[in-house]
Amino acid sequence: MTLTEAQQLGYINAQAADGRINVELETDDGMVLNMGPQHPATHGTLRLVARLDGEQVTSADVMCGYMHRGYEKLCEVRSYPQVTTLVNRIDWLGSFANEVPFILAAEQLMEVEAPPRAMWIRTILFELSRIANVSLFIGDLALQLGAQTPAFYAFRDREFVLNQIESVTGGRFHPNFDRIGGLKDDLPKGWIAETKAAMVRLRAFCDEMEGLVYGNEIFQTRTRGVGIIPAKVAQSYGLSGANLRGSGVDWDLRRDANVGLAYDQLDWKVWTHPDGDSYSRCWVRLQEVREATKIVDQLCDGLPGGGIMAKVPRIIKVPEGEAYVATENPLGAMGYYVVSKGDTGPFRVKIRSASFNNISVASWLLRGVYVPDIITILASLYFILGDIDR
Amino acid sequence: MADDTAATTTTAADTLEVASDDRREALLAVFSEHLGDAVLDSHLKVGQALWIRVATAAWGEAALVARNEAGLEWFDFLSAIDWLPSPYGRYEDSSVDVPFPPPMPERSSAVPGYAGGDSRLQVLASVARPGTDLRVLLKVDVPDDDPRVPTWIRAYSGAAWHERETHEMFGIGFDGNADLRHIYLPSEFEGHPLRKEFPLLARVVKPWPGIVDVEPMPGEDPDDDDDATVAEGSET
């Protein structure tokens with residue numbers, strides 16, 4: 001059977017929409033530009049199929065799933081303490097933060113409360129995850145705009161934070177340190193002083209980046225007024241974290257829906273930016289790193305004494321019920337909906353990850369932009385592939 | 001259930017027994033006012049969250065009420081729960097051969113989850129009011145013979161991807177959402193992985209070590225399966 005030319009094109013277009021072809025094609029509608037799954041600008045295995053009219057994007061389709069690992073299914077055959085090992089790998093740059101909402105949800109169902117010291121150390125590690133994660137974002141952002149140096153600075157200074165995480169938990173990327181009812185261990189000797197020194201270093205990093213990257217004329221030209229997300233759209237797509245606050249929505253789960261962590265006892269500020277463009281999203285993130293270093297300082301100063309583990313049975317069985325706990329993770333709101341049937345493991349876990357919602361706006365946002373802006377917009381949305389695909 | 005004192009389950013028509021969470025009760029009142037009888041049941045955990053179960057036909061309407069009337073403008077997530085007990089158990093005792101395919105269990109109607117429900121599949125969605133800690137978890141029963149519910153994309157654009165995911169993972173259709181392509185799995189993939197009858201193939205081909213690895217602790221009864229299977233993973 002021979003196909004007419006129009007049929008062939010239709011077939012190719014259908015396949016392109018399905019994400020199965022890997023070439024750039026001239027068609028009647030314009031050109032199909034495929035980015036990824038291993039394009040350097042997509043940091044990871046995200047794939048973007050964009051239709052172009054000249055330099056302008058007429059439609060963009062995001063393909064994900066190249067890294068789908070089925071954590072929700074796997075959680076159903078794990079016991080509660082084993083789940084933290086899995087969820088560490090969702091957002092791998094801030095992995096401790098992934099454990100916290102799950103443990104808090106399990107504690108809520110068991111009606112166990114971790115001692116204050118455990119909650120404070122959790123909060124410290126949570127904020128250190130944020131600093132490690134977002135400082136790398138700042139370097140990566142500059143890298144995608146063609147600047148090499150900030151990336152090296154970011155990797156260099158992130159090391160100070162990872163060292164602190166490692167000396168507490170023993171793991172640089174996958175701590176698996178949070179336990180139902182508390183933490184595995186207390187802080188090592190001399191850790192507080194080292195951490196405060198590292199925070200000074202990170203604040204200097206933020207100042208340096210503010211001048212080097214954010215003050216750069218090229219950076220400003222390429223991000224200001226580009227990729228504007230109005231607050232209504234951001235809320236309707238469920239964007240969270242800096243993507244939502246960059247659109248002027250003053251909402252931070254740490255302040256407004258705190259679940260037991262130590263934030264309500266600290267003096268800190270939620271940063272927002274009214275513009276909603278790529279620049280404002282990146283700017284809010286930079287301010288949040290600096291704010292996080294101040295939060296860690298305060299936590300180190302006010303750390304209460306006492307135990308780090310509540311009394312929990314040796315074999316953890318969570319009573320029947322349902323709980324949903326969301327926290328403000330480095331990438332945005334992350335939540336776990338846990339359904340328990342009174343077993344040693346969860347009956348169903350729904351993982352609400354921030355990047356999945358954050359990247360779902362891309363099809364809407366990329367329509368009408370120019371090809372070079374795809375890079376800055378995707379970079380400013382800031383996603384981690386593990387957080388999209390789970 | 002351990003929340004006898006902290007929570008209470010009521011129907012929309014009843015008055016709430018625990019009157020210490022005015023803001024969430026006000027939210028429930030908004031839904032009852034606009035949806036009427038379509039609000040089938042609700043569950044309030046004081047200070048934590050509110051669950052509302054609505055009738056299947058009113059599911060799309062519920063989203064509009066949530067966004068326009070109740071001020072819950074932020075879309076959180078949409079997913080589903082399969083209440084069928086897993087025919088494979090938890091794969092912990094799979095040193096014994098499980099017949100394949102295993103006999104399908106009956107869905108136990110004794111424990112329907114918060115806010116009730118009597119279908120096997122339930123769609124669950126969460127919406128919140130920005131700037132606050134107010135959140136409503138909405139549930140809807142999915143008909144067993146024809147698993148379809150109305151779409152939410154008219155109220156929340158972000159629901160489009162979540163409905164695609166729910167469609168591929170649970171096989172639930174969403175009337176009005178034309179784009180239900182697979183989002184994670186290859187388009188040729190057959191089956192719905194998060195349904196309970198879908199086997200976790202890695203565990204089928206190579207059994208989880210489970211009890212065979214764990215030696216009983218001194219003084220522990222080696223026949224006590226419950227203790228032995230999780231001894232390795234538990235923390236003290």
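A: Chain A exposes about 13300 Å², with carbon and sulfur atoms supplying 53% of it (Shrake-Rupley areas with a 1.4 Å probe, where for residues only the protein chains shown count as cover). Bear in mind that this is a predicted model, where local features need pLDDT of at least 70 and side-chain atom pairs count only at pLDDT 80 or more, while totals for chains, interfaces and linings use all residues. Residues are numbered from 1 along each chain as written, chains are lettered from A and ligands numbered from 1 in the order written, and side-chain values use heavy atoms, leaving out hydrogens and water.

On charge, chain A carries 39 positive and 47 negative side chains, and the centres of the two sets sit 5 Å apart. Lys and Arg count as positive, Asp and Glu as negative, with His and the chain ends not counted; each charge is placed at NZ of Lys, CZ of Arg, CG of Asp or CD of Glu.

As for the fold, you get 16 helices and nine strands in chain A (DSSP runs: H or I of at least four residues, E of at least two). Its radius of gyration is 22 Å, close to the 21 Å from the globule rule for 390 residues, so chain A is as compact as a globular protein of that length (C-alpha atoms; the rule is 2.2 Å times the number of residues to the power 0.38). The C-alpha trace of chain A spans about 75 × 50 × 35 Å along its principal axes.

Going inside, 65% of the 390 residues in chain A are buried, meaning under 20% relative accessible area with a 1.4 Å probe, protein chains only.

Note on methods
Buried < 20%, exposed > 50% of the residue type's maximum accessible area, 1.4 Å probe, protein only.
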